[in-house]
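Please read them with the sequence and the structure open side by side.

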Amino acid sequence: MSKPWLSKAAAQLREQIDDSYPDRKRQSDGWNADANHKRRGKSDHIPDPKANFVVRAIDVDARLSDDKRTSAYLADQIRLYAKRHGRIHYVIHLGMIASPIMNYKWRRYRGYNPHNHHIHISFRKDQDNNSEFFNIPLLGGTNE
Ligand SMILES: [Zn+2]
């Protein structure tokens, strides 16, 4: 079996988060699904056997800075980026999800975990090899 690897777009976004919040906590970070997660079935954390075992999701610990509101601000900027530029498929944070359903308006997330301790970000399949910079204001980008 091939080794799982992280979508280049996901790796790029995580790098921008690391650069912007170098002292952030990382205990709730993750990307490759553990065995437990895999048994539950469908998740972008599970390596895709049809695409050389790429993983198309990251979890980012919500403790980005001393200001507890930062993760909500960042999740919202990621949401807006997804709405305008694609690349990102959906975002889950603080019991809410933003996805193509309702055109990236936040709506209640009814999954097993409310994602209070991390931001979940899923990336589109056509981004597996796209490591272009994400123009997101909190992550070194500019306001367009
Ligand atoms: Zn996740």
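1. Leu 138 lies in the segment that follows E7, in what should be kept in mind throughout as a predicted model. With 16 other C-beta atoms within 10 Å, Leu 138 counts as partly exposed, because a residue is called buried at 20 or more such neighbours and exposed at 12 or fewer. When its neighbours within four places in sequence are left aside, Leu 138 is in contact with Ser 20, Tyr 73, Leu 74 and Gln 77.

2. Gln 27 and Ile 92 are 65 residues apart along the chain, and 18 Å separates their C-alpha atoms.

3. For the overall plan, the secondary structure comes to 3 helices and 7 strands, and their order along the sequence follows the pattern β-α-α-β-β-α-β-β-β-β. The C-alpha atoms fill a box of roughly 40 × 35 × 30 Å along the principal axes. The protein has a radius of gyration of 14 Å, which agrees with the value near 15 Å that a compact globule of 144 residues would have. Among contacts between residues at least 6 apart in sequence, 63% join residues at least 24 apart.

4. The sheet deserves a careful look, since the later points refer back to it. It is an open sheet of 5 strands in the order E3-E7-E4-E5-E6, with antiparallel pairing. Its edge strands are E3 (57-61) and E6 (107-108), each of which pairs on one side only. Helix H1 (residues 8-20) packs on this sheet, touching E3 and E7, and its direction makes about 15 degrees with that of E3. Helix H3 (residues 70-85) also packs on the sheet, where it touches E4, strand E5 (96-98) and E7, and its direction makes about 155 degrees with that of E4.

5. Which strands does E4 pair with, and over how many bridges? Strand E4 (residues 88-93) pairs with strand E7 (residues 118-123) in the antiparallel sense over 4 bridges, and E4 pairs with E5, again in the antiparallel sense, over 3 bridges. On the E7 side, Ile 88 has Phe 123 as its bridge partner, and Ile 92 has His 120. On the E5 side, the bridge partner of Ile 92 is Ile 97. E4 is largely enclosed by the rest of the structure, because 5 of its 6 residues are buried.

6. The turn between E4 and E5 may be checked next. These two strands form a hairpin with 2 residues between them, and Leu 94 in that turn has a positive phi of about 50 degrees. Most residues other than glycine have a negative phi, and most peptide bonds are trans. Phe 53 likewise has a positive phi, near 65 degrees, and its place is in the loop between H2 and E2. His 115 has a positive phi near 60 degrees, and its place is in the loop between E6 and E7.

7. Are these last two residues, Phe 53 and His 115, buried or partly exposed? Phe 53 has 15 C-beta neighbours inside 10 Å and so counts as partly exposed, whereas His 115 has 21 inside that distance and so counts as buried.

8. Finally, the interior. Buried residues make up 30% of the 144 residues. The largest nonpolar core has 30 residues, of which Ala 10, Ala 57, Ile 78, Ile 88, Val 91, Ile 119 and Ile 121 touch the most other members. At least two residues of this core come from each of H1, strand E2 (54-55), E3, H3, E4, E5 and E7, and H3 gives the most, with 5 residues. Ile 88, not counting residues up to four places away in sequence, touches Ile 78, Tyr 81, Ala 82, Ile 121 and Phe 123. In soluble globular proteins, nonpolar side chains tend to be buried together.

Terms used. Residues numbered from 1 in each chain as written. Predicted model: local features only at pLDDT ≥ 70, side-chain atom pairs only at ≥ 80, totals over all residues. Pairing = 2+ DSSP bridges. Contact = placed C-beta atoms within 7 Å. Axes fitted to C-alpha atoms, helices over the stretch in contact; angles between N-to-C directions. Rg over C-alpha atoms; globule rule 2.2 N^0.38 Å. Core = buried A, V, L, I, M, F, W, Y, C linked by C-beta atoms within 7 Å.
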